[in-house]
Amino acid sequence: MSNNERTTSLRYGVTPEGPNVFYVLHVTVGQLAKKDIAGPLATLLAMTDDIANLEQHQGKLVLAFDGYDDDPRPLYEVEEVVTWFQLLAAQWNAWLYFINVKDCPGQVALLMQLRSGRAALTGPALENELRYLADGLTAFGAHANIADERLTEILDAAFDSLFE
(Lines give C-alpha, C1' and ligand atoms only; values in the text may rest on other atoms or scores of the structure.)
Protein backbone atom coordinates (compact mmCIF):
# COMPACT_ATOMS: atom_id res chain seq x y z
CA MET A 1 0.00 0.00 0.00
CA SER A 2 1.35 3.39 -0.87
CA ASN A 3 1.61 6.15 1.68
CA ASN A 4 -0.94 8.09 -0.39
CA GLU A 5 -3.57 5.38 0.05
CA ARG A 6 -2.97 5.31 3.77
CA THR A 7 -3.48 9.02 4.26
CA THR A 8 -6.87 8.86 2.57
CA SER A 9 -8.16 7.34 5.81
CA LEU A 10 -5.68 8.48 8.43
CA ARG A 11 -5.18 12.12 9.23
CA TYR A 12 -2.48 13.30 11.53
CA GLY A 13 -3.49 15.58 14.35
CA VAL A 14 -1.35 18.49 15.36
CA THR A 15 -1.55 19.71 18.94
CA PRO A 16 0.50 22.18 20.99
CA GLU A 17 2.79 19.24 21.85
CA GLY A 18 3.67 18.83 18.17
CA PRO A 19 2.63 16.84 15.10
CA ASN A 20 1.46 13.24 15.13
CA VAL A 21 0.31 13.32 18.74
CA PHE A 22 -2.81 11.54 17.59
CA TYR A 23 -4.15 9.89 14.45
CA VAL A 24 -7.67 10.47 13.19
CA LEU A 25 -9.39 7.66 11.32
CA HIS A 26 -11.27 9.94 8.98
CA VAL A 27 -14.50 8.53 7.54
CA THR A 28 -16.27 10.41 4.77
CA VAL A 29 -19.96 10.59 3.98
CA GLY A 30 -19.20 8.87 0.67
CA GLN A 31 -17.57 5.92 2.42
CA LEU A 32 -20.59 5.63 4.70
CA ALA A 33 -23.08 5.79 1.83
CA LYS A 34 -21.22 3.12 -0.15
CA LYS A 35 -20.48 1.02 2.96
CA ASP A 36 -16.85 1.31 1.85
CA ILE A 37 -14.52 0.12 4.61
CA ALA A 38 -11.58 -0.70 2.31
CA GLY A 39 -9.45 2.40 2.90
CA PRO A 40 -9.94 2.63 6.66
CA LEU A 41 -9.49 -1.13 7.04
CA ALA A 42 -6.24 -1.02 5.05
CA THR A 43 -5.04 1.79 7.30
CA LEU A 44 -5.90 -0.12 10.47
CA LEU A 45 -4.29 -3.30 9.17
CA ALA A 46 -1.14 -1.36 8.30
CA MET A 47 -1.02 -0.07 11.88
CA THR A 48 -1.39 -3.56 13.35
CA ASP A 49 1.23 -4.96 10.99
CA ASP A 50 3.75 -2.23 11.86
CA ILE A 51 5.13 -4.18 14.83
CA ALA A 52 8.39 -2.22 14.91
CA ASN A 53 6.53 1.04 15.58
CA LEU A 54 3.69 -0.13 17.84
CA GLU A 55 4.46 2.22 20.72
CA GLN A 56 4.29 5.14 18.29
CA HIS A 57 0.65 4.26 17.55
CA GLN A 58 -0.52 3.03 20.96
CA GLY A 59 -3.35 5.09 22.38
CA LYS A 60 -3.36 7.68 19.62
CA LEU A 61 -6.29 6.74 17.36
CA VAL A 62 -9.48 8.81 17.25
CA LEU A 63 -12.57 8.12 15.12
CA ALA A 64 -14.07 10.99 13.12
CA PHE A 65 -17.11 10.92 10.85
CA ASP A 66 -17.60 13.76 8.34
CA GLY A 67 -20.98 15.27 7.63
CA TYR A 68 -22.73 14.97 10.98
CA ASP A 69 -21.70 18.15 12.78
CA ASP A 70 -25.12 19.71 12.16
CA ASP A 71 -27.06 16.48 12.79
CA PRO A 72 -28.57 16.60 16.29
CA ARG A 73 -28.57 12.82 16.62
CA PRO A 74 -25.78 11.01 18.40
CA LEU A 75 -23.74 8.86 16.01
CA TYR A 76 -25.16 5.58 17.37
CA GLU A 77 -28.59 6.71 16.09
CA VAL A 78 -27.34 7.34 12.54
CA GLU A 79 -28.04 4.09 10.70
CA GLU A 80 -25.38 4.51 8.01
CA VAL A 81 -22.69 5.21 10.62
CA VAL A 82 -23.67 2.18 12.72
CA THR A 83 -23.90 -0.12 9.69
CA TRP A 84 -20.54 1.06 8.37
CA PHE A 85 -18.85 0.68 11.75
CA GLN A 86 -20.31 -2.80 12.27
CA LEU A 87 -18.83 -3.87 8.93
CA LEU A 88 -15.43 -2.50 9.91
CA ALA A 89 -15.56 -3.93 13.45
CA ALA A 90 -16.30 -7.38 12.03
CA GLN A 91 -12.98 -7.21 10.15
CA TRP A 92 -10.68 -5.54 12.70
CA ASN A 93 -10.66 -5.68 16.47
CA ALA A 94 -7.50 -4.17 17.94
CA TRP A 95 -9.34 -1.03 19.06
CA LEU A 96 -8.23 -0.92 22.66
CA TYR A 97 -4.55 -0.94 21.82
CA PHE A 98 -4.84 2.00 19.44
CA ILE A 99 -7.81 4.10 20.62
CA ASN A 100 -7.01 7.36 22.43
CA VAL A 101 -8.47 7.18 25.93
CA LYS A 102 -6.12 9.72 27.49
CA ASP A 103 -7.34 12.78 25.57
CA CYS A 104 -10.67 11.38 24.33
CA PRO A 105 -12.13 9.13 27.03
CA GLY A 106 -15.48 8.92 25.22
CA GLN A 107 -13.91 6.93 22.38
CA VAL A 108 -14.33 3.54 24.11
CA ALA A 109 -18.00 4.24 24.81
CA LEU A 110 -18.39 5.36 21.18
CA LEU A 111 -16.90 2.08 19.94
CA MET A 112 -19.41 0.14 22.04
CA GLN A 113 -22.33 2.34 20.99
CA LEU A 114 -21.50 2.13 17.30
CA ARG A 115 -21.04 -1.63 17.32
CA SER A 116 -24.26 -2.20 19.26
CA GLY A 117 -26.30 0.67 17.82
CA ARG A 118 -27.43 1.52 21.35
CA ALA A 119 -26.78 4.37 23.77
CA ALA A 120 -26.75 2.50 27.04
CA LEU A 121 -25.66 -1.07 27.49
CA THR A 122 -26.48 -3.29 30.44
CA GLY A 123 -26.43 -6.97 31.26
CA PRO A 124 -25.53 -9.38 28.45
CA ALA A 125 -25.29 -6.59 25.85
CA LEU A 126 -22.69 -4.76 27.95
CA GLU A 127 -20.80 -7.99 28.63
CA ASN A 128 -20.80 -8.77 24.90
CA GLU A 129 -19.23 -5.42 23.98
CA LEU A 130 -16.67 -5.57 26.78
CA ARG A 131 -15.73 -9.11 25.75
CA TYR A 132 -15.42 -8.06 22.10
CA LEU A 133 -12.99 -5.28 23.03
CA ALA A 134 -11.00 -7.35 25.53
CA ASP A 135 -10.74 -10.30 23.14
CA GLY A 136 -9.48 -8.00 20.40
CA LEU A 137 -6.79 -6.60 22.67
CA THR A 138 -5.76 -10.08 23.78
CA ALA A 139 -5.56 -11.36 20.20
CA PHE A 140 -3.57 -8.35 19.08
CA GLY A 141 -1.27 -8.72 22.08
CA ALA A 142 -0.55 -12.32 21.09
CA HIS A 143 0.06 -11.25 17.46
CA ALA A 144 2.45 -8.47 18.50
CA ASN A 145 4.03 -10.31 21.43
CA ILE A 146 2.99 -7.66 23.96
CA ALA A 147 3.56 -8.49 27.62
CA ASP A 148 0.47 -9.43 29.62
CA GLU A 149 1.22 -6.67 32.14
CA ARG A 150 1.16 -4.06 29.38
CA LEU A 151 -2.12 -5.44 28.02
CA THR A 152 -3.64 -5.26 31.50
CA GLU A 153 -2.57 -1.60 31.80
CA ILE A 154 -4.17 -0.78 28.45
CA LEU A 155 -7.36 -2.67 29.29
CA ASP A 156 -7.66 -0.99 32.69
CA ALA A 157 -7.15 2.49 31.19
CA ALA A 158 -9.73 1.80 28.47
CA PHE A 159 -12.36 0.51 30.85
CA ASP A 160 -11.62 3.27 33.40
CA SER A 161 -12.33 5.80 30.63
CA LEU A 162 -15.92 4.56 30.56
CA PHE A 163 -16.45 6.04 34.02
CA GLU A 164 -14.79 9.44 33.50
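**Exercise 1. Which residues of helix H9 are buried?**

Solution. The model is predicted: local features need pLDDT of at least 70, side-chain atom pairs count only at pLDDT 80 or more, and totals for chains, interfaces and linings use all residues. Residues are numbered from 1 along each chain as its sequence is written, and side-chain values use heavy atoms, with hydrogens and water left out.

Step 1. Helices (H or I, at least four residues) and strands (E, at least two) are DSSP runs, numbered from the N terminus. Buried means under 20% relative accessible area, exposed over 50%, and partly exposed in between (1.4 Å probe, protein chains only).

Step 2. Apply the cut-off. The buried residues of H9 are Leu151, Ile154 and Ala158.

Step 3. Look down the axis of H9. The buried residues fall within an arc of 65°, so they line one face of the helix; the arc is that of the directions from the helix axis to the C-beta atoms.

Step 4. Find the cover. With contact defined as heavy atoms within 4.5 Å, the buried residues of H9 are covered by elements including H6, H7 and H8.

**Exercise 2. Describe the buried side of H8, then examine Ala134 and Glu129.**

Solution. Step 1. In H8 the buried residues are Ala125, Glu129, Tyr132, Leu133, Ala134, Gly136, Leu137, Phe140, Gly141 and Ala144. Their cover includes helix H3 (38-49), helix H4 (54-57), helix H5 (79-89), helix H6 (95-98), helix H7 (106-116) and helix H9 (148-160).

Step 1. Take alanine 134, which is in helix H8. Alanine 134 counts as buried because its relative accessibility is 18%. Not counting residues up to four places away in sequence, alanine 134 touches Leu96, Leu155 and Phe159. Its C-alpha atom is separated by 9.7 Å from that of threonine 152, 18 residues apart along the chain.

Step 2. Take glutamate 129, also found in helix H8. A relative accessible area of 5% makes glutamate 129 buried. With residues up to four places away in sequence not counted, glutamate 129 touches Met112, Arg115, Ser116 and Leu121. The C-alpha atoms of glutamate 129 and leucine 111 are 8.8 Å apart, at 18 residues along the chain.

**Exercise 3. Which residues touch the most other members of the largest nonpolar core?**

Solution. Step 1. A nonpolar core is a set of buried Ala, Val, Leu, Ile, Met, Phe, Trp, Tyr and Cys residues joined through side-chain atoms within 4.5 Å.

Step 1. The largest such core has 45 residues, and Leu63, Phe65, Trp95, Phe98 and Leu114 touch the most other members. At least two residues of this core come from each of strand E2 (18-27), H3, strand E3 (61-65), H5, H6, H7, H8 and H9.

Step 2. Leucine 114 touches Leu63, Phe65, Leu75, Tyr76, Val81, Val82, Phe85 and Gln86, not counting residues up to four places away in sequence.

Step 3. In soluble globular proteins, nonpolar side chains tend to be buried together.

**Exercise 4. Is serine 161 buried or exposed?**

Solution. Step 1. Serine 161 is in the segment after H9.

Step 1. At 4% relative accessibility, serine 161 counts as buried.

Step 2. List its neighbours. Serine 161 touches Val101, Pro105 and Val108, not counting residues up to four places away in sequence. A polar atom of the serine 161 side chain lies 2.5 Å from the backbone oxygen of alanine 158.

Note on methods. A polar contact is a pair of N or O atoms within 3.5 Å; within protein, one must be able to donate a hydrogen and the other to accept it, and residues adjacent in sequence count only if both atoms are side-chain atoms.
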